[in-house]
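These are my notebook entries on one protein model. I set down what I looked up, entry by entry.

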Amino acid sequence: MWTSRQLWGEGATGSTGLTGATGPIGVTGPTGTSVTTSGMFASNTLGSVIVVALGGSTNIRLPNNQSLGNFIGNANDTVFTVPETGRYYITYQINTTVGLGIGAGARVTANGTPIPGTILVPAVSNATFYRDCITPLTAGSTLSLQLFSSILLTATLISGGGTIGASLNIIRIQ
């Protein structure tokens, strides 16, 4: 029986030669842009009491553990200004001492308007609120973490022992 090498006139493969010398190192390319240079974190570990009027909303103070990067916080630590336009990953957590009634919710607002992916209105009484989303933001936008309610609401954030009653984390990803 003939092999394909014999039919087509190919011979056996010879042994592999020695590896040649390594060539010179090429020129280093430019440093890429880091899109995560804009980010912030702030929290509340004070056990603050938050009162929300009937059908209203209240911004949550975040005065502790601030690492604002290029973000600018207002004097009350309730509003944070975005330094540059881009897509941002936003995550927050709110922990209260007791479950809040039905109709109570949490969200992040941009320029006073709720960011849809951050809105959480549990179907049952809840003491922990957590959401994350990715959203476009423009330079100069102002962000706030809020509790809101269709009823009169008084909430106390947990505190003590290094626990966080509320936190907001924002990272530019693009």
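Entry 1: I began with Asp 77, which forms a salt bridge with Arg 61; the closest N and O atoms are 3.7 Å apart. I noted that the pair links distant parts of the chain, 16 residues apart: Asp 77 is in the loop between strand 5 (72-73) and strand 6 (80-81), and Arg 61 is in the loop between strand 3 (57-59) and strand 4 (64-67). A salt bridge here is a side-chain nitrogen of Lys or Arg within 4 Å of a carboxyl oxygen of Asp or Glu. Strands (E, at least two residues) are DSSP runs, numbered from the N terminus.

**Entry 2: the basis of the values.** I recorded that this is a predicted model, in which local features need pLDDT of at least 70 and side-chain atom pairs count only at pLDDT 80 or more, while totals for chains, interfaces and linings use all residues. Residues are numbered from 1 along each chain as its sequence is written, and side-chain values use heavy atoms, with hydrogens and water left out.

**Entry 3: accessibility of the first pair.** Is Asp 77 buried or exposed? I found that Asp 77 counts as buried, at 14% relative accessibility. Arg 61 is partly exposed, with a relative accessible area of 38%. Buried means under 20% relative accessible area, exposed means over 50%, and partly exposed lies in between (1.4 Å probe, protein chains only).

**Entry 4: a second salt bridge.** How many salt bridges does the structure hold? I found that it holds two. In the other entry of this kind, the side chains of Glu 84 and Arg 172 meet at 3.5 Å, N to O. Glu 84 lies in the loop between strand 6 and strand 7 (86-100) and Arg 172 lies in strand 13 (residues 166-172), so the pair ties together parts that are 88 residues apart in sequence. Glu 84 counts as partly exposed at 27% relative accessibility, whereas Arg 172 is buried at 13%.

Entry 5: I then looked up an open sheet of five strands, which has the order 4-1-13-7-10 with antiparallel pairing. Strand 4 and strand 10 (126-137) stand at the edges with a single partner strand each, so one side of each is left without a neighbour in the sheet. Neighbouring strands of this sheet are turned by 5° against each other on average, direction ignored. Two strands pair if DSSP finds at least two bridges between them. The angle is taken between axes, lines fitted to C-alpha atoms; angles run from 0 to 180 degrees between N-to-C directions.

**Entry 6: pairings within the sheet.** I listed the antiparallel pairs in turn.
- Strand 1 (residues 39-44) is joined to strand 4 by two bridges, and Ser 43 stands opposite Asn 64 in strand 4.
- Strand 7 is joined to strand 13 by seven bridges, and Thr 91 stands opposite Asn 169 in strand 13.
- Strand 7 and strand 10 pair over 11 bridges, and the bridge partner of Arg 87 in strand 10 is Pro 136.

**Entry 7: a buried threonine.** Thr 109 has its place in strand 8 (residues 104-110). At 3% relative accessibility, Thr 109 counts as buried. Leaving aside residues up to four places away in sequence, I found that Thr 109 touches Pro 114, Ile 115, Thr 142, Leu 143, Ser 144 and Gln 146. Contact means heavy atoms within 4.5 Å.

Notes: Helix = DSSP H or I, 4+ residues; strand = E, 2+ residues; numbered from the N terminus.
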